[in-house]
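Welcome! Here is a short tour for anyone meeting this structure for the first time. Have a look at it below, and then we can walk through it together.

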Amino acid sequence: MDNRIKIKESKSIAIKVGTSTITYPNGKLNMRRIGILARVLTDIKNRGLDVVLVTSGAIGVGSTRLGFEERPTLMREKQAAAAVGQAVLMQIYQSHFTDYNQKVAQVLVTKDDMSGDERTENIINTFHTLWEMGVIPIVNANDTISTVEIGFSDNDTLAAHLASILKVDTLVLFTDIDGMYNKDPKSNPDAVKIDVIEEITDEILAMAGDKGSTFSVGGMSAKLTAATECMENGIDMVIALGEDPELLYSILDGEDVGTLFAGKK
């Protein structure tokens, strides 16, 4: 079966939005884009798919609210920013999803919660119950209480962990670039986007660059780590440009959008 066609049969999907997707370069929330995201996810859920949203941005948004000019470096300041930012993010998400009569729930997790013990079973049970009740879970790392979670690399790793334990069919990482390139397109005009990757080789790993915006921490390297976990668990993962959340429709229609990391069959 063609890799893109396989995505059309998805029954469940996880969408991860990075800090650069839901905020402007100055760190303030992009309200218009969040509104479009809420509409698209509600519409996809109305199709009958189980949907989970993994969101970054708590530290970035909290940093802006607290007056930082860039992402803080002290751990205690990051955790304080996360505490402030979480409240702001959920308030905004709740407001936008309510416009479409869609119920949402906040779920904060740590790496230990997904280590395969009883807590992992509790997570799985909670998500399945929320889906049965028509709720879209909104997930973020619990940065406020654990220093480990801040190392989740803008939640790319968290999204892959969650997709794996929930056994979703597809994970979409919305970011500030429209896919994986053979070299950095920002400094190389002749860079070529790779449409489908079926194996992450040393050559692919060597193509990973550095992080993007001031308020984000994720980079292509972290996304390749996430892709490796997804592929090994049979999950298709797509890296796509987060500027237009409506690209989700094209992805689910099997169109050639972003870079597809094909899950092993």
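## A pair of strands to begin with

Met237 stands opposite Phe261 in β10. The two strands involved are β9 (residues 236-241) and β10 (residues 259-261), which pair in the antiparallel sense over three bridges. Here strands (E, at least two residues) and helices (H or I, at least four residues) are DSSP runs, numbered from the N terminus, and two strands pair if DSSP finds at least two bridges between them.

Before going on, a word on the model: it is predicted, so local features need pLDDT of at least 70 and side-chain atom pairs count only at pLDDT 80 or more, while totals for chains, interfaces and linings use all residues. Residues are numbered from 1 along each chain as its sequence is written, and side-chain values use heavy atoms, with hydrogens and water left out.

## The sheet

Both strands belong to an open sheet of eight strands, in the order β3-β4-β2-β1-β5-β9-β10-β8, with mixed pairing. At its edges are β3 (104-109) and β8 (196-197), each of which pairs on one side only.

Six bridges join it to strand β1 (residues 12-17), and the two run parallel; Val52 in β2 is the bridge partner of Ala14. With strand β4 (residues 136-141), β2 pairs in the parallel sense over two bridges, and Val54 stands opposite Val139 in β4. Five of the six residues of β2 are buried, so this strand is largely enclosed by the rest of the structure. Buried means under 20% relative accessible area, exposed over 50%, and partly exposed in between, using a 1.4 Å probe and protein chains only.

## Helix α7 and the cores

Helix α7 (residues 156-166) has 11 of its 11 residues buried, so it is largely enclosed by the rest of the structure. The helix lies across β1, β2, β3, β4 and β5 (170-175), running at about 165 degrees to β5. Such angles run from 0 to 180 degrees between N-to-C directions, with axes as lines fitted to C-alpha atoms, for helices over the stretch in contact. Just after α7, Lys167 takes a positive phi of about 55 degrees.

Which residues have the most contacts inside the largest nonpolar core? They are Val139, Leu162, Leu171, Met180, Met237 and Phe261, in a core of 44 residues. α7 gives the most to this core, with seven residues. Apart from it lies another core, of 37 residues, among them Leu89, Met90, Val104 and Phe174. A nonpolar core is a set of buried Ala, Val, Leu, Ile, Met, Phe, Trp, Tyr and Cys residues joined through side-chain atoms within 4.5 Å.

Leu162 touches Val52, Val54, Met114, Ile123, Phe127 and Val139, leaving aside residues up to four places away in sequence. Contact means heavy atoms within 4.5 Å.

## Two aromatic pairs

A search of the whole structure finds two aromatic pairs. Tyr93 and Phe97 form a tilted one, 6.5 Å centre to centre with 40 degrees between the planes. Both lie in helix α5 (residues 75-98), four residues apart, about one turn of the helix, and both Tyr93 and Phe97 are buried.

Phe127 and Trp131 form an edge-to-face pair, 6.3 Å centre to centre with 65 degrees between the planes. Rings of Phe, Tyr and Trp (its six-membered ring) pair if their centres lie within 6.5 Å; planes under 30 degrees apart count as stacked, over 60 as edge-to-face and the rest as tilted. Phe127 counts as buried because its relative accessibility is 1%.
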